[in-house]
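Welcome to this guided tour. Open your viewer, get your selection tool ready, and follow along from stop to stop.

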Amino acid sequence: MVELKEFGVHMLTTRHKVLKLLEYGVKLEGWGFDHLKVGDHTLTMNAQAEYPNAHTLLSAIGALTRKIKLSTAVTDPYRRHPVEIAQAIATLDRLTKGRVALGIGAGEVMNLEPFGISWKKPYTTLKEAIEVIKLLWRSSPDNPVSFQGKRFSLDGAYLQISCYQKPHPPIYIGALGPKTRELTGEVADGWIAVASEAPSTLKEHLKDVKRGLAKRGGKLEDLYVSATIYTEIGDYEEAYDAVKTTASWLLAMSGDILELMGHKIEYPEEISTQRLRVDDHESIRKLREIADGIPRRLIEQIVAIGSPDQCIDRLEEFLKAGANSLIICSLSRDDDKLYQTYSEKIIPYMKETYGV
């Protein structure tokens, strides 16, 4: 039997104003969700949306809640130096008495290049950042640490705040490629799969994670494997209409996943998740063209839509493929109604059946 470790929410911060997001943080805890994740962007494709600082938002939600786990999905070590990440997460961990995880990835051009930050050596930058963060989390004035890498260095450095969790909060990598998925297995506590994964592609991509685990003698059942699934509950056709645009655009930015799903097209790298610039109008035009050509059957594989039973069926597919954490992402016309339905009809079944 597959074990479900947690049932959570990735809250799209572009959907609500910042004070409303605080309300939802409290409500989601009351509705029985185990984990609340928020994205960590500076820019998004919706230039009219408000987009708050992720760590500030999580700190405010953490102060208003008592049980729900909090994390970014995901931050990057370019806009935020590993020292700042280490200190911020240690602080949030103390404020929430251990309800924090670090979600980190290799970064995206859309958040970097407009601000004069070069997206160079992403694998090396991510790998070294995690080493530096771990070193700083076990540092103290009596135990300074040093590090010399290609991207970062420390010289007798230490933090003046320690983590609540021991030895430190879990580190989850939002890994999109084979090298970073393998790195996840080598050095991290979990993998955050991109929301464009279908059960079949998640199962295939877990092979990369397993290779990394083998290098350190780890077991897959001990690793956090998180599937993020766009969702809407209600009439199936209406639910599909609610998710199709966002889901198709996300798939269009995931060329390797489309190829695994059998949708072979000429794929320009500049529209990929990590390389897209939101101010590049030609790339956005190409992205829209590819998104419009993605078959409905592929979109349906990555979302949970329709009745509660239909959503449960899809969520179970992700568990059978290797996920042990389910994170829903609402694209509903009525977020409160969707979350309440999950709270009353889906989460109890999933927890009873799969033993959170």
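## Stop 1: Ala-193

Leaving aside neighbours within four places in sequence, Ala-193 is in contact with Leu-202, Ser-226 and Thr-228, where contact means heavy atoms within 4.5 Å. Before going further, note that this is a predicted model, in which local features need pLDDT of at least 70 and side-chain atom pairs count only at pLDDT 80 or more, while totals for chains, interfaces and linings use all residues. Residues are numbered from 1 along each chain as its sequence is written, and side-chain values use heavy atoms, with hydrogens and water left out.

Select Ala-193 and look at the loop between strand E8 and helix H6 (199-216). Helices (H or I, at least four residues) and strands (E, at least two) are DSSP runs, numbered from the N terminus. Is Ala-193 buried or exposed? Ala-193 is buried, with a relative accessible area of 2%. Buried means under 20% relative accessible area, exposed over 50%, and partly exposed in between (1.4 Å probe, protein chains only).

## Stop 2: Asp-189

Next, select Asp-189, in the loop between helix H5 (178-187) and strand E8 (190-192). Asp-189 is partly exposed, its relative accessible area being 30%. Not counting residues up to four places away in sequence, Asp-189 touches His-168, Pro-169, Pro-170, Ile-171, Tyr-172, Leu-223 and Tyr-224. Zoom in on Ile-171: its backbone nitrogen lies 2.8 Å from a polar atom of the Asp-189 side chain.

## Stop 3: His-35

Move on to His-35, in strand E2. His-35 counts as buried, at 0% relative accessibility. Which side chain is joined to that of His-35 by a polar contact of 2.7 Å? It is the side chain of Glu-6. A polar contact is a pair of N or O atoms within 3.5 Å; within protein, one must be able to donate a hydrogen and the other to accept it, and residues adjacent in sequence count only if both atoms are side-chain atoms. Beyond the neighbours within four places in sequence, the contacts of His-35 include Phe-7, Ile-68, Tyr-172, Tyr-224 and Ile-327.

## Stop 4: helix H1

Select residues 18-30 to show helix H1, which has 13 residues. From first C-alpha to last, H1 reaches 19 Å, close to the 18 Å expected at 1.5 Å a residue; the expected span is 1.5 Å times one less than the number of residues. Colour the buried residues of H1: Leu-21, Leu-22, Tyr-24, Gly-25, Leu-28 and Glu-29. They cover an arc of only 160° around the axis, which puts them on the same side of H1; the arc is that of the directions from the helix axis to the C-beta atoms.

What covers these buried residues includes strand E1 (6-11), strand E2 (35-38), helix H2 (54-64) and helix H12 (335-354). Turn to the face of H1 pointing away from its buried side to find the exposed residues Leu-19 and Gly-30. Just after H1, Gly-32 takes a positive phi of about 95°.

## Stop 5: backbone details

Most residues other than glycine have a negative phi, and most peptide bonds are trans.

- Lys-97, in the loop between helix H3 and strand E4 (102-104), has a positive phi near 55° and is exposed, with a relative accessible area of 61%.
- Lys-121, in the loop between E4 and helix H4 (122-137), has a positive phi of about 45°.
- Ala-73 to Val-74 is a cis peptide bond with omega near -5°; Val-74 is in the loop between strand E3 (69-72) and helix H3 (82-95).
- Lys-166 and Pro-167 are joined by a cis peptide bond with omega about 0°; Pro-167 is in the loop between strand E6 (153-157) and strand E7 (171-173).

## Stop 6: the largest pocket

Finish by selecting Leu-12, His-41, Tyr-230, Leu-250 and Met-253, which lie nearest the centre of the largest pocket among its 43 lining residues. Its volume is about 1200 Å³, the space filled by probe spheres set on grid points joined across faces, edges and corners. On a 1 Å grid over the protein atoms alone, a pocket is an open set of points where a 1.4 Å probe fits, with protein on both sides within 12 Å along at least five of seven lines; lining residues have an atom within 4 Å of a point.

Which element supplies the largest share of the lining? Helix H7 does, with four residues.
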